[in-house]
Amino acid sequence: MTETNTRIRHSLPRSELERRWALVRAEMAAADVDALIVQGANNLTGTAGHYRWLSGVSVASSYPQALIIPREGPFTLVMHGDFGGDALLDDQDPAFPGVLRRLTSPSFPGCHYCGPYDAQLAAAEIRRCGYKRLGVVAPNTMYAGFYKVLLEELGHPALIDLTPRIDLHKAVKSEAEIVMIRQAAALQDSMLAEIRHHIAPGNMEYEIMSYGHYLGQLGGGETGYMLGSSAAPGEQTTIRRAGEHGRRLNEGDMLYFQCENTGPGGYFVHAGRYYVLGKASQELQDAYGAMVEAQDFTASLLRPGADCAEIFAEYNAYMEARGFQPERRLHCHGQGYDNVEPPLVRQDETLRLAPNMNIGIHPTLNRKDMLVMACDNYLLLPSGGTERLHRTPREIVEIS
């Protein structure tokens, strides 16, 4: 037990988990659900946040884990492991809080014939416990094979999707969560300050991004990645991922570097800044200044009870009135264990804003010769205002 405790890097308070479980079980009771099923994988890239929120466990790899959460009593865990594995944990293993029983089977997503194994274990446990009305959360992040075989094994029951109910609670952060969100923003501030010393002519993009990842991991971060790219004057510094970071920097180039990672405890925030090897053009200064103003305008619209579709319409009217293109994807959204989670400030969002939501804002100017954004996170305050969580000055960094 002591050995297991010392290996947990950022332990979530048990009281925080029990707070979440109580909220979810109240929703299960309201929907008359006997048990809830949630599966998680690939949290390393910023998905499976619902699983982490319910379990307290980050499934960083592609090997899935699934929880069966009854309306009362401890959980059953189905996960990758030996054939026939059956361990009685009795809620005594800090690595698997709330879990009574752990069932295992070798589950390799890249091998199609492994698809049924974990679903068959879950179905057998559901039948053994006599659960009839079943709920599901975050089916979008479940493996298709698991979901399909689970339905087949249980006779194709109607699974009640409780995701919208749970999102109401998951989106509003507790005091314990806000502490970790602030730590994530502070970590990214330190990364943005340090990375400038590793941006120089002759350096490769991947060297700079890799060093950013190193800084994040060394500072206690757990998941996520670095985004951005470099470009010569007159070309776009667009959002590029690791496989496209093969360009070498030259004198006069601009680099956009965005932290898209978590801090200690696994909460996402994101922030990006522009670094110029030389003097930033007035055109770039003006474009970035305009996006900072658009970010401030968006933040001024964020208030408890506000309708996201109405905010989105106001934002697009603001942009068009200034000669900028309207947003057609997403410029403002919630973050937590998921890199992108409700509420989305967009025309299709139904969740209203509430105090203690963690919101990322990144308005973007997108032209053929220039892509410029201002990216920072904000906390919605109970008083009705917002607080910018990142302290890094919103200015272009010139490196001589």
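# Helix packing in close-up

**Close-up 1. Helix 9 crosses helix 10 in a right-handed manner.** In this predicted model, local features need pLDDT of at least 70 and side-chain atom pairs count only at pLDDT 80 or more, while totals for chains, interfaces and linings use all residues. Residues are numbered from 1 along each chain as its sequence is written, and side-chain values use heavy atoms, with hydrogens and water left out. Helices (H or I, at least four residues) and strands (E, at least two) are DSSP runs numbered from the N terminus. A crossing is right-handed if the near helix is turned clockwise from the far one by less than a right angle, and left-handed if anticlockwise. Axes are lines fitted to C-alpha atoms, for helices over the stretch in contact, and angles run from 0 to 180 degrees between N-to-C directions. Met-291, Glu-293, Ala-294, Phe-297, Thr-298 and Leu-301 of helix 9 are in contact (heavy atoms within 4.5 Å) with Ile-311, Glu-314, Tyr-315, Tyr-318 and Met-319 of helix 10. Eight of these contact residues are nonpolar, one is polar and two are charged. Ala, Val, Leu, Ile, Met, Phe, Trp, Tyr, Cys and Pro count as nonpolar, Asp, Glu, Lys and Arg as charged, and the others, Gly among them, as polar.

**Close-up 2. Glu-283 is a residue of helix 9.** Glu-283 has a relative accessible area of 43% and is partly exposed (buried means under 20%, exposed over 50%, partly exposed in between, with a 1.4 Å probe and protein chains only). Apart from neighbours within four places in sequence, Glu-283 contacts Arg-367, Asp-369 and Met-370.

**Close-up 3. Helix 7 (residues 175-195) packs with helix 8 (residues 205-218) at an angle of about 145 degrees.** The axes of the two helices are 10 Å apart, and the crossing is right-handed. Helix 7 contributes Leu-187, Met-191, Glu-194 and Ile-195 to the contact, and helix 8 contributes Ile-208, Tyr-211, Gly-212, Leu-215 and Gly-216. Six of the contact residues are nonpolar, two polar and one charged.

**Close-up 4. Helix 4 (residues 115-129) has buried residues.** These are Asp-118, Ala-119, Ala-122, Ala-123, Glu-125 and Ile-126. They lie on the same side of helix 4, because they cover an arc of only 160 degrees around the axis (the arc of the directions from the helix axis to the C-beta atoms). Among the elements covering them are strand 1 (35-40), strand 5 (99-105) and helix 5 (144-153). Gly-130, with a positive phi near 75 degrees, follows helix 4.

**Close-up 5. Helix 4 and helix 5 are packed with their axes 8 Å apart.** The angle between them is about 40 degrees, and the two helices are therefore oblique to each other. Their crossing is right-handed.

**Close-up 6. Helix 6 (residues 163-170) has buried residues.** Thr-163, Ile-166, Asp-167, His-169 and Lys-170 are buried. Seen down the axis, they fall within an arc of 160 degrees, so they line one face of helix 6. They pack against elements including helix 2 (14-30), helix 3 (49-55) and strand 12 (341-344).

Terms used
Parallel < 35°, antiparallel > 145°, perpendicular 65-115°, else oblique.
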